[in-house]
Amino acid sequence: MEVPALSTLPLIPSLHIACVDPQRMKTMAALLRDPYPIHWDPESVSDAAHGGRTVNQGPLNLAYIANMLMAWAGDGSIRRLEASFHAHVLAGDAVTASGEVDELFDIGGERRARCSVRLLRGDDLIVTGTAEVAIAEMDAIAGTDRMPGQISSELHEDLL
Amino acid sequence: MRYRLGVPRFAESIPDGHVNAVATQDPVDPDRVGIPSDEEIAALVGYRFPGGLRKVERWENWLLTDCTQRQPMSGKQLHPVVLFHVPIQAASTSIGEIFSLCGGGPAGSVTLLGYEWEYLAVMSEDVVYRGDGGVVAATRFRGSDGRVTHDDIFFVIELSDPEETTVARVTTRWRFLR
């Protein structure tokens, strides 16, 4: 299988979350059966650093990156995610997932892209990591003039 | 039952296709004081979770995906974020139990360092997965005054499908501030 040049791949459109929703943190805490109150009880985060804003679950921060990758390469395309967490995301924050392809390779007959990924709040790095994404399904769009762009969470909200 | 590995504590009586792998909770006691000894931290390495079974139904996958602020997944595919809690629950443990096991203290004393999630096969709604794993590393850190500052504890859990094919492997790294 011939590995395409990096320049023939569309860039990964970033994904913007305009407002991290505290109500979704509560649902997530229930699904995870996570007893840690910083995710659902504003009184537990009443210190100056948090100001009563609950803390988004780490898995949700990583999920924004996963959603960005799936919007780019398709559901079911993610083969590996490795992430390190550097700061909390608080209720009401706006965050942006972004990434770029570092390397293309074949493994087990499957073409993959190794990507650097991150989650940002403004200029603050929240999550950094790497991902491996299957890109076989992207043959149809590889080589087009698709430009890097941004997907907003509001767009997804409209689809719900 | 097609599963042959160690029987989880509550799965023996679970009929095929009907799984309840949510472990009992031991919430973190916010008043807990005291730091695990060096020996207790070292002894964590090799600890095995009981192991068990877990499936994700449509409602859970939908809600979980909604929490990530995107539209539902296509078909019956599970959202990738399932690799946080499903392995933990499939292994018949819980976040609360792990915090207790590692001597987690009050709110703010446990920090997530990172994950490595490997997706070895597509995971789907309504499939019963088996979880097995345990603590693989525990490292104690001290300040210049010799006082314990934190413990970094890593655990690995694998999920396998009814054909006993490993479909996912997760490594989770947590820091317990002391």
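Here are some worked exercises on a predicted model, to be done with the structure open beside you.

**Exercise 1. Classify the ring pair B:Phe49 and B:Phe155, then say which parts of chain B the pair ties together.**

A pair of aromatic rings is described by the distance of the centres and the angle of the planes, so get those two values to begin with. The centres of B:Phe49 and B:Phe155 are 5.7 Å apart and the planes stand at 85°. Planes over 60 degrees apart count as edge-to-face, so that's what this pair is, at 85°.

Then place the two residues. B:Phe49 sits in the loop between helix 1 (38-43) and strand 1 (52-54) of chain B, while B:Phe155 belongs to strand 4 (residues 148-160) of chain B, so the pair ties together parts that are 106 residues apart in sequence. Both B:Phe49 and B:Phe155 are buried.

Now zoom out. The structure has 10 aromatic pairs over all chains. Ring pairs also build a cluster whose members include A:Tyr36, A:Phe85, B:Phe49, B:Phe155 and B:Trp174.

**Exercise 2. Find which rings have A:Arg114 and B:Arg175 over them.**

Take chain A to begin. The charged end of A:Arg114 is over the ring of A:Phe105, at 4.4 Å from the ring centre. Over in chain B, B:Arg175 lies over the face of B:Phe141, 6.0 Å from the ring centre. Keep A:Arg114 in mind: a network of salt bridges links this residue with A:Arg79, A:Glu103, A:Glu110, A:Arg112 and A:Glu132.

**Exercise 3. Take the salt bridges A:Asp75 to B:Arg70, A:Glu100 to A:Arg118 and B:Arg178 to B:Asp151, and say where the partners lie.**

Side chains of opposite charge can pair when their charged atoms come close. The whole structure has 25 salt bridges over all chains, and we'll take these three in turn.

- **A:Asp75 and B:Arg70.** Their side chains meet at 3.0 Å, N to O. This pair crosses between chains: A:Asp75 is in the loop between helix 2 (58-73) and strand 2 (78-85) of chain A, and B:Arg70 is in the loop between helix 2 (58-67) and helix 3 (82-90) of chain B. A:Asp75 and B:Arg70 are both buried.
- **A:Glu100 and A:Arg118.** The closest N and O atoms are 2.5 Å apart. A:Glu100 is in strand 3 (residues 95-107) of chain A and A:Arg118 in strand 4 (residues 110-121) of chain A, so the bridge ties together parts that are 18 residues apart in sequence. A:Glu100 has 32% relative accessibility, so it counts as partly exposed. A:Arg118 has 19%, so it counts as buried.
- **B:Arg178 and B:Asp151.** Here the closest N and O atoms are 2.6 Å apart. B:Arg178 is in the segment after strand 5 (166-177) of chain B and B:Asp151 in strand 4 of chain B, so the pair ties together parts that are 27 residues apart in sequence. B:Arg178 counts as buried at 17% relative accessibility, and B:Asp151 counts as buried at 0%.

**Exercise 4. Trace how strand 5 of chain A pairs with strand 2 and strand 4 of chain A.**

Strand 5 (residues 124-134) pairs with strand 2 of chain A in the antiparallel sense, over seven bridges. As a landmark, A:Leu81 stands opposite A:Ala131. Strand 4 of chain A also runs antiparallel to strand 5 of chain A, joined by 10 bridges. There, A:Ala113 stands opposite A:Val133. Finish at the turn: strands 4 and 5 of chain A form a hairpin with two residues between them, and A:Gly122 in the turn has a positive phi of about 65°.

**Exercise 5. List the buried residues of helix 2 of chain B and say what covers them.**

The buried residues are B:Glu60, B:Asn61, B:Leu64, B:Thr65, B:Asp66 and B:Cys67. Their cover includes helix 1 (22-32) and helix 2 of chain A, along with strand 1 and helix 3 of chain B. After helix 2 of chain B comes B:Gln69, with a positive phi near 65°.

Key. Residues numbered from 1 in each chain as written. Chains lettered and ligands numbered in written order. Predicted model: local features only at pLDDT ≥ 70, side-chain atom pairs only at ≥ 80, totals over all residues. Heavy atoms only, no water. Phe/Tyr/Trp six-rings, centres within 6.5 Å; stacked < 30°, edge-to-face > 60°. Helix = DSSP H or I, 4+ residues; strand = E, 2+ residues; numbered from the N terminus. Buried < 20%, exposed > 50% of the residue type's maximum accessible area, 1.4 Å probe, protein only. Lys NZ or Arg CZ within 6 Å of the ring centre and 35° of its normal. Salt bridge = Lys/Arg side-chain N within 4 Å of Asp/Glu carboxyl O. Pairing = 2+ DSSP bridges. Contact = heavy atoms within 4.5 Å.
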